[in-house]
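Student: I have a structure to study. Please take me through it by question and answer.

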Amino acid sequence: MLKKILDSSSCAECRLCCVFDRYDIWETPVFTENIRDRILELKPEAEFIAKDGGYIFKADELSEEGLFSCPALTENGCILGDGKPFDCRIWPYRIMNVNGRRAITIASICSELYNRPLSQLVGFLENGLADEIFSYADNHPEIVKPYYEGYPVLLFEKKFL
Ligand code: SF4
């Protein structure tokens, strides 16, 4: 979904959004049942926890660096290819509940996008992506995260929840 502004080779080299530390559990992607089943076909050892109508993965033991990875991450990148969860397809954009109103924020850890001009980041949302995100969240409210301090709000939804 971000192919127009985010070069896939940059993502392939980075993968920061697929690796987490123990403070990032809230940031792990929410999987639909179909995507969870697809991962289980490819990685039967993966474990999932049902959460708010979706699934999150059960974290492995932390590595020596204090990190754990998404079970869909391999040395060759994400095994889901173009079938990634919605959360991953819009990352580093995030949808959050800010005082009862849905808003789109951005994760600063993605330096590739975070350092772009604000007009470009917001412009891309206004060009249809925001509507797509809000519409998906209407059917999958589990992807809406509580507001997390430090995430700049780029755009509020016009209607209130
Ligand atoms: S599903 Fe794929 S893109 Fe999303 S966090 Fe896991 S490995 Fe990364």
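**A look at the model**

Tutor: Start with phenylalanine 57, which lies in strand 3. Helices (H or I, at least four residues) and strands (E, at least two) are DSSP runs, numbered from the N terminus. This is a predicted model: local features need pLDDT of at least 70, side-chain atom pairs count only at pLDDT 80 or more, and totals for chains, interfaces and linings use all residues. Residues are numbered from 1 along each chain as its sequence is written.

Student: Is phenylalanine 57 buried or exposed?

Tutor: A residue is buried if 20 or more other C-beta atoms lie within 10 Å of its own, exposed if 12 or fewer, and partly exposed in between; the C-beta atoms are placed from the backbone. Phenylalanine 57 has 22 other C-beta atoms within 10 Å, so the class is buried.

Student: Which residues is phenylalanine 57 in contact with, leaving aside its neighbours within four places in sequence?

Tutor: Two residues are in contact if their C-beta atoms, placed from the backbone, lie within 7 Å. Neighbours within four places in sequence are left aside, and the contacts of phenylalanine 57 are then Thr28, Ala46, Glu47, Phe48, Cys70 and Pro71.

Student: How many Å apart in space are phenylalanine 57 and proline 29?

Tutor: In sequence, phenylalanine 57 and proline 29 are 28 residues apart. In space, C-alpha to C-alpha, the separation is 8.1 Å.

Student: Which charged residue is in the shell around the ligand?

Tutor: Ala, Val, Leu, Ile, Met, Phe, Trp, Tyr, Cys and Pro count as nonpolar, Asp, Glu, Lys and Arg as charged, and the others, Gly among them, as polar. The shell has 10 nonpolar, no polar and 1 charged residues. Its members are Cys17, Cys18, Pro29, Cys70, Ala72, Leu73, Cys78, Leu80, Pro85, Cys88 and the charged one, Lys84.

Student: Where is the positive phi of aspartate 52 found, and is the residue buried or exposed?

Tutor: Most residues other than glycine have a negative phi. Phi of aspartate 52 is near 50°. Its place is the loop between strand 2 (48–51) and strand 3 (54–57). With 12 other C-beta atoms within 10 Å, aspartate 52 is exposed.

Student: What is the omega of the cis peptide bond at proline 92?

Tutor: Most peptide bonds are trans. Proline 92 sits in the loop between helix 3 (86–90) and strand 7 (93–98). The cis bond joins tryptophan 91 to proline 92, and omega is about 15°.

Student: At which residue does helix 5 bend?

Tutor: The bend at a residue is the angle between axes fitted to the seven residues ending there and the seven starting there. Helix 5 covers residues 118–139, and the angle is about 65° at glutamate 126.

Student: Which residues of helix 5 are buried, and what covers them?

Tutor: The buried ones are Leu121, Phe124, Ala130 and Ile133. Their cover includes helix 3, strand 7, strand 8, helix 4 (111–114) and strand 10 (153–156).

Student: How many Å separate the centres of domain 1 and domain 2?

Tutor: Domain bounds come from an automatic or database domain assignment. That assignment gives domain 1 (8–83) and domain 2 (89–156). Taken over C-alpha atoms, their centres are separated by 20 Å.

Notes. Near = placed C-beta within 6 Å.
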